[in-house]
Amino acid sequence: MKTALTDMLGCQYPLIQTAMGWVADANLVAATASAGGFGFLAGAVMSPAEIDASILEIKAKTDKPFGVNFHMYVKDAEEIVDLCCKHKVAAVSYSRSPNAVFVERLKSSGIKCIPTVGAAKHAVKAVAMGADAVVVQGGEGGGHTGSVASTILLPEVVDSVNVPVVAAGGFKDGRGLVAALALGASGIAMGTRFLLTQESPVPAVTKNQYIAARPEAINISKRLDGLPQRMISNPCLSELEKSSALGMWALAIKNGLAFAHLTNTSLFDMLKSAWKMSRTGDISVAQTMMAANAPMMIQEAMVKGHPDEGILPSGQVAGIIDDIPTVEELIQRIMRESEQALTTIKSYS
Ligand SMILES: Cc1cc2nc3c(=O)[nH]c(=O)nc-3n(C[C@H](O)[C@H](O)[C@H](O)COP(=O)(O)O)c2cc1C
């Protein structure tokens with residue numbers, strides 16, 4: 001299936017595997033690329049050295065194009081831009097606080113810039129800054145998300161910009177792909193669906209919690225780091241929801257110190273990049289203080305395999321996913337389903 005997106009990225013199918021911290025590793029990205037989709041490496045939770053090694057690992061596994069996701073406001077951002085240019089990755093994705101100088105540099109190296117947005121006004125701004133395409137994440141989506149559903153947000157963005165638009169948030173199959181194309185998208189981007197594949201590095205015990213979850217139990221809360229984030233209800237999230245203000249501060253300090261130790265970052269550097277973001281109006285001072293909660297508590301579930309003691313970021317779509325196929329099986333199935341859906345629609349006329 002050829003669309004403006006496949007033409008731009010050089011992939012076979014209009015299917016993007018999104019970046020997910022501690023999930024979208026080199027192996028998952030390479031599997032997606034080899035199967036004809038387009039994967040983004042979750043560089044936002046990696047050091048430049050780890051990104052470098054992961055890019056080399058992907059290139060050793062596939063000669064197909066892929067992308068890197070990172071935050072443009074962090075202190076290592078320039079080094080990551082250099083790495084993307086050096087390795088000639090096909091695309092980069094980013095969200096909050098984009099940097100016009102970096103966007104310009106990446107584009108002049110032939111790298112496509114594809115930010116994720118959650119509102120039409122942000123899509124317009126991103127395109128004015130040079131975005132080659134935008135991923136529009138509806139409120140159903142996993143991770144940090146907004147409140148407007150894909151069915152409303154997608155056509156609004158399609159009508160507001162003149163670059164290819166990719167639909168994200170709530171997609172898992174070929175019916176969804178056809179629906180998104182009908183609403184004007186050039187493809188779909190999926191996070192949770194790729195988290196639940198064989199190649200995803202998430203421990204089986206944690207994947208099983210996603211499979212068991214019902215859609216009603218996957219809700220948005222700000223209690224993790226002050227930003228709206230969709231997560232599966234579990235004992236850890238319930239504790240967070242019940243915590244007093246004092247308890248939240250104690251947790252923020254504990255996780256802040258652990259995160260600084262883990263990433264070899266000084267508390268000063270952490271606070272500096274958080275301060276930069278609060279100055280741009282992207283997060284508040286309270287959110288700044290809670291910023292380390294997410295990495296520490298997500299890793300507990302996603303890396304260490306303790307789903308009840310950590311946090312489970314998830315799209316609502318996990319509630320209707322009930323299998324863990326290989327990436328190749330998943331992509332082939334989605335393309336088969338989309339053909340069936342198109343045939344059914346054509347039979348109506
Ligand atoms: C476990 C998890 C981790 C995520 N981590 C990131 C991240 O590091 N960077 C990012 O831009 N988006 C992140 N997201 C959001 C996804 O990239 C994507 O936009 C979203 O999952 C799409 O919705 P879906 O899950 O319904 O497919 C994450 C989502 C999940 C479920």
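Let's start at the ligand: helix α9 (residues 192–195) gives the most to the shell around it, with three residues. Keep in mind as you look around that this is a predicted model. In total, 29 residues surround the ligand, and the closest are G141, G142, G143, G191 and G315. What kinds of residues make up that shell? Sorted by class, there are 12 nonpolar, 15 polar and two charged residues around the ligand.

Now let's move to the strands. Find β9, which covers residues 165–168. In a regular strand, side chains alternate between the two faces of the sheet. You can follow that pattern here: V165 and A167 point one way from β9, while V166 and A168 point the other way. Are these four residues buried or exposed? All of them are buried.

Strand β9 has partners, too. Strand β7 (residues 134–137) is joined to β9 by four bridges, and the two run parallel. To see one of these pairings, look for V134, whose bridge partner in β9 is V165. Strand β10 (residues 187–190) also runs parallel to β9, with three bridges joining them. Here V166 has G187 of β10 as its bridge partner. To get from β9 to β10, the chain passes through helix α8 (residues 174–182), and this β-α-β crossover is right-handed.

Next, trace helix α2, residues 26–34. Why can we call α2 largely enclosed by the rest of the structure? Because seven of its nine residues are buried. Those buried residues are A26, L28, V29, A30, A31, T32 and A33. And what covers them? The cover includes strands β1 (15–17) and β2 (38–42), along with helices α3 (48–61) and α16 (327–347). Helix α9, the one we began with at the ligand, is also part of the cover over α2. Following α2 comes G36, and its phi is positive, near 100°.

Finally, zoom out to the whole chain. The domain assignment gives domain 1 as 4–203 + 321–344, and domain 2 as 216–313.

Definitions and conventions
Residues numbered from 1 in each chain as written. Predicted model: local features only at pLDDT ≥ 70, side-chain atom pairs only at ≥ 80, totals over all residues. Near = placed C-beta within 6 Å. Nonpolar A, V, L, I, M, F, W, Y, C, P; charged D, E, K, R; others polar. Buried ≥ 20, exposed ≤ 12 C-beta atoms within 10 Å, placed from the backbone. Pairing = 2+ DSSP bridges. Right-handed = clockwise from strand over helix to strand, strands pointing away. Domains from an automatic or database assignment. Contact = placed C-beta atoms within 7 Å.
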